[in-house]
Amino acid sequence: IVMRKPRFLVLLLFSFGLCLNQEISIAGSPSIEDTMDGIVSRLYETLSEEELYSLTEEKIQSLITREERESLATQYITFDVNVPVVVSVMRHVEQRVTPFWLPESGFKKTDLQVVNDENWVYEVWQKDFEPGRVGLGINGFDRHRQHLFVSVGPKNDEDFVEITCLDPAEFPIGWIHEGAYVYNDWDSLLLKEVPKGLFGHRLLTTIRGRARTANLIGGFRKTRHPSSTTPDQIFLTWSEDPQTTQTVQWRTSTEIKDGVVRYKEKGQDALEQMAASMKRIDDRLLANDPQCHHYTVVIRDLKPGTAYVYQVGHPKNDIWSEEAEFRTAPSGTAPFSFISFGDTHNRDLWGEMLQVIEDRHPDLAFYTIAGDLVDTGQYRDDWDRFFQCARGIGRKIPLIPTIGNHDAIDGMGVQMYVDLFGLPDNGPENLQSERAFVTDYSNLRFIILDSTLPALDQADWLEEQLEESKATWNFSTYHFPPYNYEDAYPEIRNLWGYLFDKYHLDIALEGHIHYYMRSHPIFRDKPVASPSEGTIHIISIPIGNRPRDLPPADYAAVQFSGIPVYQLIEIDGPHLSYKVYDLDGNVLDEFTIEK
């Protein structure tokens, strides 16, 4: 499923005047967040772990209090209206259980239906409200991904509806009509059938990820790799200059309160030590390990091109990891190699591939992933599996990651990703830090872009990085591929592609579509003869993917499916060698470039 951020060309109607009953919640109900925190805390106290995993609608209904029920029925979406209105709630017909509050609050199911261009059918429930505060309830205790949405229209034709004090306020208000989008995390999914009775009504857009807000049925999970007092998930990235710094991360259980890294130049005796910063990582539905502590250290003032030995640990508890090594980037141009992956999705097969790579290519400088590192970026158990897969290579070789739609799934953001990786803070000023950044290594400039955010918001910054680059080689990594058999991604083609052509990007590493494709060099959206004339686009997948018949494409030099692969890229001054390997070591594609 392709997910993009909204086109903010929809007319927004927000009133910034005084809200009606601004400080008064309906019936004095607490917020949804406080209500769910209270429910989850009580469930942990009263139910066994197995009972948490097997919750049903009936069981939940028997456990929640009247006050909690009121909050869940009225505090999920709130707003004020200035005239009498008809509120319509569109509920996906395939949701197994109707949200309890709809019939209980006086909403009536109508014969109306709304349909989108994926043929998802929504039934329409309606209720009249007088001027003042309107409060609506949760999507349900399940995690039904086709989230409900709401329209608001005048009860009297002569009235004009003003909606104020909308909460949540971050989602734009549009008009409901054929061709409108509902989900801000998938704005290319449009309505194709809207009853005439809803024409002229205001549309309260949402994101599919809000379905997780009250998710209790199937919501509790277990990690296969819980934290402990022993440091684990030891991982290298770069957040500053790879020549003179190294960023180190790890985790423990919450019993441990602080941490340090101690390190020395390989072959030397003198140890140095640096204290780590610490964050608590919360996943309240992770039943066997809902909290852990995550530590980050940036080791500075290192020598370029030098091997170091390090340990992480906790001196107060006298707990230390095993020693590991890393090597800083060279000060000048020197030969190096790195590995590139497409979507890894925290799969065990990727972990098997990493173990093979450690033995097959022992002198790697770094490795990179073109997004979708995990299935669900807000689930810490997915990240636990990811770090477990990379546990060997991760403590020795830095990762340069890229955000994919699964890392920011259903519009829920990438805060856990940002908390878990120490990355450069040198991206566009208008974006959340660490979502896009640039890293220079030897004679390579590596530009990381976030294709789950608007391409336009990163275009000026991208141009600066390409225009100012003094590197021999310029690469970019981002998730959505503009040349594939499913979606053309015109914003990426037109905005980023134009800049790739203008300043000559050598190679773009991409993912998302689960097959392998290497394009001919592309210039102005057309294949050209030489890599010196255009950009080579590469899609890859290192995990299981189904064989399929791929349609011929004039842009494709090589394409195949059904085989998990990785790419080895070796750079030696003006010479570049590229090879694609499967798990058994067979070379399935290769080329060289000389500058």
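Among contacts in the chain between residues at least 6 apart in sequence, what percentage join residues at least 24 apart? The share is 73%.

**Figure 1. Overview of the predicted chain.** The model is predicted. Its secondary structure comes to 11 helices and 34 strands. The radius of gyration is 26 Å, close to the 25 Å that the globule rule gives for 595 residues, so the chain is as compact as a globular protein of that length. Along the principal axes, the C-alpha trace spans about 75 × 60 × 45 Å. Of the 595 residues, 57% count as buried.

**Figure 2. Close-up of the open sheet with strand order 8-10-6-2-4-3-9.** Seven strands make up this sheet, and their pairing is antiparallel. Strand 8 (173-175) and strand 9 (191-193) are the edge strands. Each of the two pairs on one side only. On average, neighbouring strands are turned by 35° against each other, direction ignored.

**Figure 3. Close-up of the pairing between strand 3 and strand 4.** Strand 3 covers residues 108-116, and strand 4 covers residues 121-129. The two run antiparallel and are joined by five bridges.

**Figure 4. Close-up of the open sheet with strand order 5-1-7.** This sheet has three strands, paired antiparallel. Strand 5 (132-136) and strand 7 (163-167) stand at the edges. Each has a single partner strand, so one side of each is left without a neighbour in the sheet. Neighbouring strands are turned by 20° against each other on average, direction ignored.

Figure 5. Val-81 has Ile-163 in strand 7 as its bridge partner.

**Figure 6. Close-up of helix 10 packed with helix 11.** Helix 10 spans residues 456-468, and helix 11 spans residues 490-503. Their axes lie 10 Å apart, at an angle of about 10°. That makes helix 10 roughly parallel to helix 11. From helix 10, the contact takes in Leu-456, Gln-458, Ala-459, Leu-462, Glu-463, Leu-466 and Glu-467. These meet Leu-495, Trp-496, Leu-499, Phe-500, Lys-502 and Tyr-503 in helix 11. By class, the contact has nine nonpolar, one polar and three charged residues.

Key
Residues numbered from 1 in each chain as written. Predicted model: local features only at pLDDT ≥ 70, side-chain atom pairs only at ≥ 80, totals over all residues. Heavy atoms only, no water. Axes fitted to C-alpha atoms, helices over the stretch in contact; angles between N-to-C directions. Helix = DSSP H or I, 4+ residues; strand = E, 2+ residues; numbered from the N terminus. Parallel < 35°, antiparallel > 145°, perpendicular 65-115°, else oblique. Contact = heavy atoms within 4.5 Å. Nonpolar A, V, L, I, M, F, W, Y, C, P; charged D, E, K, R; others polar. Pairing = 2+ DSSP bridges. Rg over C-alpha atoms; globule rule 2.2 N^0.38 Å. Buried < 20%, exposed > 50% of the residue type's maximum accessible area, 1.4 Å probe, protein only.
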